[in-house]
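Please look over the chain shown here. A short report on its fold and packing follows.

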Amino acid sequence: MDCVFCKIVNGDIPSMKVYEDEHTLVFMDIAKDVDGHMVVIPKKHVKCILDCDVETLCHLMSTVKKVSNHCVNNCGYEGVNLLNASDESAGQSVPHFHIHIIPRKSGDGVDAWPKFDGANHEMEELFQKLRIR
């Protein structure tokens with residue numbers, strides 16, 4: 001498989017491992033775009049949340065919580081942003097499920113929230129489409 005994250009899991013590509021257990025791996029993002037940027041992945045290859053089994057998702061989210069709590073409880077941060085894009089249509093660039101953790105402090109100047117141009121449809125119309133019956 002030609003997946004860059006699978007190559008990191010297998011040790012074919014070096015990484016700065018922040019945390020690892022039997023099911024997940026957390027490593028520093030090499031983008032150098034914001035201080036403390038980490039990526040959390042399941043060791044099992046799944047493309048995105050849409051095809052992720054519940055057990056793998058539970059392991060992944062448990063690790064996200066553990067590392068997020070570590071950032072706040074032990075590293076001097078106050079909060080975190082969690083970022084994910086599932087499918088190319090949503091901006092996913094690496095086809096291996098992953099969640100970005102961005103450690104945050106008040107006044108750090110990081111704007112991790114996307115800028116939206118405004119809704120195009122009436123909320124009631126979308127509610128009827130999206131609600132689970």
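## Overall fold

What pattern does the protein chain follow, read along the sequence? The order is α-β-β-β-α-β-β-α. That gives three helices and five strands. The model is a predicted one.

Along the principal axes, the C-alpha atoms of the protein chain fill a box of roughly 50 × 40 × 25 Å. The chain has 133 residues, and 29% of them are buried. Take the contacts between residues at least 6 apart in sequence: 52% of these join residues at least 24 apart.

Strand E2 covers residues 24–28. It pairs with strand E1 (residues 17–20) in the antiparallel sense, over three bridges. E1 and E2 form a hairpin, with three residues between them. Within this pairing, Tyr19 stands opposite Val26.

E2 also pairs with strand E3 (residues 38–42). This pairing is antiparallel too, and it runs over five bridges. Here Phe27 of E2 stands opposite Val39 in E3. How enclosed is E2 by the rest of the structure? Largely, because four of its five residues are buried.

## Helix H2

Helix H2 spans residues 54–74. Its 21 residues, at 1.5 Å a residue, should span 30 Å. The end C-alpha atoms lie 29 Å apart, which agrees.

Which residues of H2 are buried? They are Thr56, Leu60, Thr63, Val64, Val67, Ser68 and Cys71. Seen down the helix axis, these buried residues fall within an arc of 130°, so they line one face of H2. Their cover includes E1, E2 and E3, along with strand E4 (79–83) and strand E5 (99–104). On the other side of the helix, Val54, Glu55, Lys65, Asn73 and Asn74 are exposed. Just after H2 comes Gly76, with a positive phi of about 85°.

## Nonpolar cores

In soluble globular proteins, nonpolar side chains tend to be buried together. The largest nonpolar core here has 12 residues. They are Val26, Met38, Val40, Val46, Cys52, Leu60, Val64, Val67, Cys71, Phe97, Ile99 and Ile101. E3, H2 and E5 are the elements that give two or more residues to this core. H2 supplies the largest share, four residues.

## The aromatic pair

How many aromatic pairs does a search of the whole structure find? It finds one. The ring centres of Phe5 and Phe27 are 5.5 Å apart, and the ring planes meet at 70°, so the pair is edge-to-face.

The pair links distant parts of the chain. Phe5 sits in helix H1 (residues 4–10) and Phe27 in strand E2, 22 residues apart. Both Phe5 and Phe27 are buried.

Note on methods: Residues numbered from 1 in each chain as written. Predicted model: local features only at pLDDT ≥ 70, side-chain atom pairs only at ≥ 80, totals over all residues. Heavy atoms only, no water. Buried < 20%, exposed > 50% of the residue type's maximum accessible area, 1.4 Å probe, protein only. Pairing = 2+ DSSP bridges. Expected span 1.5 Å × (residues − 1). Arc of directions from axis to C-beta. Contact = heavy atoms within 4.5 Å. Core = buried A, V, L, I, M, F, W, Y, C linked by side-chain atoms within 4.5 Å. Phe/Tyr/Trp six-rings, centres within 6.5 Å; stacked < 30°, edge-to-face > 60°.
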